[in-house]
Amino acid sequence: MDSGFMNRIWIIPTGDEIRSGVVRDLDSPMVMSEMLRIWPMAEIVRTAPVYDEMQEILNMLLSAREDGADLTVLIGGSGGGHRFSPTLGKDFSHSAMDVFLEQGASREIYGKNGHLWCRLVCGRKGKMLVINLPGPYTEAKAAIQAFSAAACETDDVAEINRVMAEAVFSQYPAGSAEL
């Protein structure tokens, strides 16, 4: 892939805890730094954090597409907390991507208790590439660095997704399982 390919990049942080200010968004600056390292001439749009609600995330993906984004990076909302326990937060980034994307690949990582820790998705809507990252900083960093390396080598979404999932999986303790 031509390293100048990503001319316009959207970064969309998600999560009620980010939006409300309970948790600081440390991931967006790190993702921006990594994207500019690989594509120094890219124009980057970092949106205000969005609540982890399906329609809000879909609206942001549509806005990115209408704006001509080559790459959109969703941060957070990759787990399955509320599907495991009603006391855990709701995560809808990967669900919104399933609805939005025309083609894609995904991988899931589970804890030994069966809790979905992370579902990474990589796909396309028209010419726009869309990826998601887990919210925890070390996992997000591993994923975006793996993405950067893979995206410079291939445009195959399944391969990019595989490389990202392996990088995130390596951040988890023994007993986790990748599907």
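In this predicted model, helix α6 makes a right-handed crossing as it passes α7. The two axes come within 8 Å and cross at roughly 150°. That angle is over 145 degrees, so α6 and α7 count as roughly antiparallel to each other.

**Overall build**
- The protein has seven helices and seven strands.
- Along the sequence, the elements follow the pattern β-α-α-β-α-β-α-α-β-β-β-α-α-β.
- The protein has 179 residues, and 51% of them count as buried.
- Take the contacts between residues at least 6 apart in sequence: 68% of these join residues at least 24 apart.

**The α6–α7 pair**
- On the α6 side, the contact uses Glu139, Ala142, Ala143, Ala146, Phe147, Ala150 and Ala151.
- On the α7 side, their partners are Ile160, Val163, Met164, Ala167 and Val168.
- An α-helix has 3.6 residues a turn, so residues three or four places apart point the same way.

**The α2–α6 pair**
- α6 packs against α2 as well, at an angle of about 15° and with the axes 10 Å apart.
- Because this angle is under 35 degrees, α2 and α6 are roughly parallel to each other.
- This crossing is right-handed.
- α2 contributes Asp27, Met30, Val31, Glu34, Met35, Arg37 and Ile38 to the contact.
- These meet Tyr137, Ala140, Lys141, Ile144, Gln145, Phe147 and Ser148 of α6.
- Phe147 takes part in the contact with α2, and Phe147 also takes part in the contact with α7.

**The α3–α5 pair**
- Helix α3 spans residues 54–66 and helix α5 spans residues 93–100.
- They pack at an angle of about 55°, with their axes 9 Å apart.
- That angle makes α3 oblique to α5.
- α3 passes α5 in a right-handed crossing.
- Met54, Ile57, Leu58, Leu61, Leu62 and Arg65 form the α3 side of the contact.
- Ser93, Ser95, Ala96, Val99 and Phe100 form the α5 side.
- Six of the eight residues of α5 are buried, so this helix is largely enclosed by the rest of the structure.
- The buried residues of α5 are Ser93, His94, Ser95, Ala96, Met97 and Phe100.

**Nonpolar cores**
- The largest nonpolar core has 35 residues.
- Trp39, Leu71, Leu133 and Phe147 touch the most other members of this core.
- Leaving out residues up to four places away in sequence, Leu71 touches Met6, Arg8, Ile9, Trp10, Met35, Trp39, Met128, Leu129, Ile131 and Phe147.
- Another core, of 18 residues, lies apart from the largest one.
- Phe92, Leu101, Val121 and Met128 are among the members of this other core.

**Cysteines**
- A search of the whole structure finds zero disulfides.
- Cys122 has 0% relative accessibility and therefore counts as buried.
- Cys152 counts as partly exposed because its relative accessibility is 24%.

**Two loop residues**
- Val23 sits in the loop between α1 (16–19) and α2.
- With 37% relative accessibility, Val23 counts as partly exposed.
- Apart from residues up to four places away in sequence, Val23 touches Glu17 and Ile18.
- Gly111 sits in the loop between β4 (103–110) and β5.
- Its relative accessibility is 7%, so Gly111 counts as buried.
- Gly111 and Tyr172 are 61 residues apart along the chain, yet their C-alpha atoms are separated by 8.6 Å.

Key
Residues are numbered from 1 along each chain as its sequence is written. This is a predicted model: local features need pLDDT of at least 70, side-chain atom pairs count only at pLDDT 80 or more; totals for chains, interfaces and linings use all residues. Side-chain values use heavy atoms; hydrogens and water are left out. A nonpolar core is a set of buried Ala, Val, Leu, Ile, Met, Phe, Trp, Tyr and Cys residues joined through side-chain atoms within 4.5 Å. Buried means under 20% relative accessible area, exposed over 50%, partly exposed in between (1.4 Å probe, protein chains only). Contact means heavy atoms within 4.5 Å. A disulfide is a pair of cysteine sulfur atoms within 2.5 Å. Axes are lines fitted to C-alpha atoms, for helices over the stretch in contact, and angles run from 0 to 180 degrees between N-to-C directions. Helices (H or I, at least four residues) and strands (E, at least two) are DSSP runs, numbered from the N terminus. Angles under 35 degrees count as roughly parallel, over 145 as roughly antiparallel, 65 to 115 as roughly perpendicular and the rest as oblique. A crossing is left-handed if the near helix is turned anticlockwise from the far one by less than a right angle, and right-handed if clockwise.
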